[in-house]
Amino acid sequence: MSAYPPVKTVEEFFKQPAEYQDAVRKIVRSHALNELYGAQVFDEPAIALAPTPYAKWLTCRVAMEEYHHHVRFKELADQIGVKPEALDTKNKRPLNIFEFPLKTWEEFCVIKMLGDLAEILQVEDLLHCSFVPLRNIARTTMPEEKFHAQFGADFCVDLVEAPESRARVQDAINRFYPEAPKFFGASGSKNNELYRKYGIKLRKNEEMRADYIARAKDIVGKLELELPEIAVAA
Amino acid sequence: MRVESPEAWFCALGEALGQAEEADIAAYLAALGLAARLPTLVVASWSQAAEIARTPAERWWSVEEAERARLERVARLDPADREWLALTDALHGAAAVAAARSGCADQGLIRAAAGAATYAAHQYRLARDAGAGDEHPFVRKYALFSGGRWPLGVYGDRFAIF
């Protein structure tokens, strides 16, 4: 639990130290942008890649949920004074994870399985955030994030049954996964130190990354596939 | 662009087709350039709908997508529009209620139904924004959805509707 007292409203937010306000703005901005990037570069294009109407419609619904996550974070960003230009994807280079060139259904399923797992960990870390409006958004989006990751895992279960698509899933893991741990930021991060000081986040970047790697290994292991070896940042 | 209230969405699943619905189906297929008199399969259950929708229907889907691409050269919609997202959530709620009434708790299938309705509403809005009239296939399909049906599409040589 956070040692910092709960900040229950946007009005109370503006009474907090500037350092607290800046820290919350950075996190809200990051989530607003990541949700938008994800919907634009992965979820929406994947509708065309899905093999059946069922998979296409399900992907469509998932895309809408991701857009809605973006809107929730963006609305909070607007309320707490994040400048509109800071929320424009034209003004911020996306994380490497969003530069993966999506071309196949197998790749998309791997992205949902392993990419959304990374998002789950980030959102989990906000479930006890001292800024209650942000905590509430995290709690609202979490069930859908879990569904999205399970969606990817479930389709991967189907795909690994046939040797050809099994090989394509492993290949997608080999190419997507190496960038995913970078999603958690640098070890020994000063920003992360501030987030924990103010009870905005709970864990160090390196702790989250280690947890992510362990969970990803478990999920991929259940498919009897492997994660590629990667060099984890110190 | 206003989209009709979702109140009737998914309320007539599995019911026998009326004449107006049969006319909408024939007009929809003809306007897409598909055979207007394809046999129609009225699906009886959520599980049967899932089974059918899990089979490829690439020809039908491609024809719809070609029309969507044509419309998007004229009209573009914002998928992150607040009002639009509220409608998509309402459609998800309507699908969940209809499924619950039939004892279906499959979250994936419920979301697929919501996604199908969302896609149809998106196509309808595109068609209207591009100035299309009531005979446009996306307007006809939308009439079936908003009247409580789930048109599943063309599979092989038949049109399936729940």
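Let's start with B:L41, which stands opposite B:A160 in strand β3 of chain B. Strands here are DSSP E runs of at least two residues, helices are H or I runs of at least four, and both are numbered from the N terminus. Strand β1 (residues 40-42) of chain B and β3 (residues 158-161) of chain B pair in the parallel sense over 3 bridges; pairing takes at least two DSSP bridges between two strands.

A quick note on what you're looking at: this is a predicted model, where local features need pLDDT of at least 70 and side-chain atom pairs count only at pLDDT 80 or more, while totals for chains, interfaces and linings use all residues. Residues are numbered from 1 along each chain as its sequence is written, and chains are lettered from A and ligands numbered from 1 in the order in which they are written.

Back to chain B. What is the bridge partner of B:G153 in β3(B)? That's B:A160. Strand β2 (residues 151-155) of chain B runs antiparallel to β3(B), with 4 bridges joining them. The two form a hairpin with 2 residues between them, and B:G156 in the turn has a positive phi of about 65 degrees.

Now, where do the chains meet? The contact takes 15 residues from chain A and 24 residues from chain B, counting residues whose C-beta atoms, placed from the backbone, lie within 7 Å. On the side of chain A that touches chain B, the largest share, 11 residues, comes from helix α3 (residues 53-79) of chain A.

Finally, α2(A) passes α3(A) in a left-handed crossing, meaning the near helix is turned anticlockwise from the far one by less than a right angle.

Notes: Contact = placed C-beta atoms within 7 Å.
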